[in-house]
Amino acid sequence: MDKLTKGSIVLSAAGHDKGFCFAVINMIDENTALIADGRRRKLISPKKKNTKHLLLMGRIPADVSSLSNKALYAAIRDACRSVATDNAKQ
């Protein structure tokens, strides 16, 4: 399995945000990531999440920290849609 890094698109697998897509804003350590989606969780207040509760979905090509909340939300939405479309075809 690929490692989570800054800019990874992840799906929350546990907690009250289960089933939602997020971007990894920063890695605190090997087991903890800061995640945001630009809508529910803004870049200014990312959520600290255990990496064992996150499923890697893809990557955002741009530097996450340079995106606005609106651009981050759009990038995550597009990445999650493309993954869902690819999974539906299989």
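**A five-stranded sheet and one helix**

Good morning. The protein contains five strands and one helix; these are DSSP runs, with at least four residues of type H or I for a helix and at least two of type E for a strand, numbered from the N terminus. This is a predicted model, in which local features need pLDDT of at least 70 and side-chain atom pairs count only at pLDDT 80 or more, while totals for chains, interfaces and linings use all residues. Residues are numbered from 1 along each chain as its sequence is written, and side-chain values use heavy atoms, with hydrogens and water left out.

Along the sequence, the pattern reads β-β-β-β-β-α.

Let us turn to one pair. Strand β3 (residues 32-36) runs antiparallel to β4, and four bridges join them. Within β4, K49 is the residue opposite A33.

Finally, the protein as a whole. Of its 90 residues, 33% are buried, that is, under 20% relative accessible area with a 1.4 Å probe, protein chains only. The accessible surface is about 5,600 Å², and carbon and sulfur atoms hold 52% of that surface; the areas come from the Shrake-Rupley method with a 1.4 Å probe.

Notes: Two strands pair if DSSP finds at least two bridges between them. Buried means under 20% relative accessible area, exposed over 50%, partly exposed in between (1.4 Å probe, protein chains only).
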